[in-house]
Amino acid sequence: MILGLAYHGDGRDAIAVFSQMERAGLQPNDVTFIGVLSACNHSGLVEEGRFQFSSMDDKHGLSPKLEHYNYIVDLLGRAGHLEEAYELVQSMVIPPDSIICGALLSACQIHRNLELADKIGGVITAMQDPNIGFCILLSNIYASAGRWKDVARVRRLVKEQRIKKPSGCSWVEVDGVVHRFVVEDTTHLKSQEIYGTYEILVNHLKAEGYVPNFDFMAANIDGM
């Protein structure tokens with residue numbers, strides 16, 4: 001129930017269910033706290049997230065795992081507490097994985113913290129198998145700041161290590177048939193209708209005043 005409420009953005013309700021569980025004398029486990037921290041993350045409950053993360057060890061004797069760190073780091077980073085999130089990552093007993101570093105790097109992009117992006121970028125690119133998505137994100141952060149030498153360095157790393165980006169796709173099932181789509185796909189039998197509908201949606205967005213943000217968009221060069 002806690003996980004279900006968390007995934008649907010009902011963070012405060014999820015915390016309320018957790019409180020009822022504690023009052024009933026039930027002992028939470030690792031999975032319970034994944035739901036609790038996820039709820040805090042999805043709903044931006046920073047103070048509650050801090051408290052619940054600390055209570056894992058202090059109150060319940062549970063050692064946080066990578067999943068728990070991922071949620072609290074993402075929560076703190078999105079809220080702008082970048083230094084606190086970075087200090088937490090540095091204090092981890094277990095080495096942070098690319099997902100945790102990527103969450104912090106994404107927060108650096110949101111809050112335009114180039115100094116910390118340099119530190120996190122160094123960790124990501126030093127990994128044995130760097131995540132291509134986070135390499136692209138790092139490259140785009142550097143590009144937005146006009147640091148073209150760093151852009152070239154990251155892209156050179158991607159080429160030298162032959163890091164491949166899998167093709168992104170989306171799909172939908174209609175009447176038992178799965179329709180798969182990739183970027184700029186024209187092979188679908190109804191591609192003209194699909195792109196026509198897409199243009200209508202874009203025009204609706206423009207009419208409502210939507211302006212896309214291209215600040216962190218870099219040119220698609222060398223497969224990136």
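Which residue in β2 does Val174 stand opposite? Val174 faces Val177, and that pair is a handy way into this predicted model. Local features here need pLDDT of at least 70 and side-chain atom pairs count only at pLDDT 80 or more, while totals for chains, interfaces and linings use all residues. Residues are numbered from 1 along each chain as its sequence is written, and side-chain values use heavy atoms, with hydrogens and water left out.

Let's stay with the strands for a moment. β1 (residues 169-174) and β2 (residues 177-182) pair in the antiparallel sense over six bridges; strands are said to pair if DSSP finds at least two bridges between them. The element names themselves are DSSP runs numbered from the N terminus, with helices being H or I of at least four residues and strands being E of at least two. The hairpin has two residues between the strands. Asp175 sits in that loop between β1 and β2, and its phi is near 55 degrees, a positive value in a residue other than glycine. That is worth a second look, because most residues other than glycine have a negative phi. Asp175 is also exposed, with a relative accessible area of 79%; exposed means over 50%, buried under 20% and partly exposed in between, using a 1.4 Å probe and protein chains only.

Another non-glycine with a positive phi is Arg112, at about 55 degrees. Arg112 lies in the loop between α7 and α8 and counts as exposed at 52% relative accessibility. Asn113 is in the loop between α7 (98-111) and α8 (114-125) too. The side chain of Asn113 reaches the backbone nitrogen of Leu116 at 2.9 Å. That is a polar contact, meaning a pair of N or O atoms within 3.5 Å; within protein, one must be able to donate a hydrogen and the other to accept it, and residues adjacent in sequence count only if both atoms are side-chain atoms. Setting aside neighbours within four places in sequence, Asn113 is in contact (heavy atoms within 4.5 Å) with Leu82, Glu83 and Cys108. From Asn113 to Ile141 there are 28 residues in sequence and 9.4 Å in space, C-alpha to C-alpha.

Now for α3, which has 14 residues and reaches 20 Å from its first C-alpha to its last, close to the 20 Å expected at 1.5 Å a residue. That expected span is 1.5 Å times one less than the number of residues. How many of the residues of α3 are buried? The count is 11 of 14, so the helix is mostly covered. Among the buried ones are Phe33, Gly35, Leu37 and Cys40, and what covers the buried residues includes α1 (2-7), α2, α4 and α5. At the N-terminal end, Asn29 caps α3, with a side-chain oxygen 3.1 Å from the backbone nitrogen of Val31. After the helix comes Gly44, whose phi is positive, near 70 degrees.

Phe33 brings us to the aromatics. A search of the whole structure finds two aromatic pairs, where rings of Phe, Tyr and Trp (its six-membered ring) pair if their centres lie within 6.5 Å, and planes under 30 degrees apart count as stacked, over 60 as edge-to-face and the rest as tilted. The rings of Phe18 and Phe33 have centres 5.4 Å apart and planes at 65 degrees, so they are edge-to-face. This pair links distant parts of the chain, with Phe18 in α2 (residues 11-23) and Phe33 in α3 (residues 30-43), 15 residues apart. Phe18 is buried at 0% relative accessible area, and Phe33 counts as buried at 0% as well. In the pair of Phe53 and Tyr69, the centres are 5.3 Å apart and the planes at 65 degrees, so it is edge-to-face. Phe53 lies in α4 (residues 46-58) and Tyr69 in α5 (residues 66-78), so this pair ties together parts that are 16 residues apart in sequence. Both Phe53 and Tyr69 are buried.

Finally, the core. The largest nonpolar core has 55 residues, and those with the most contacts inside it are Val73, Leu104, Leu105 and Ile120. Such a core is a set of buried Ala, Val, Leu, Ile, Met, Phe, Trp, Tyr and Cys residues joined through side-chain atoms within 4.5 Å. Its largest share, nine residues, comes from α9 (residues 132-144).
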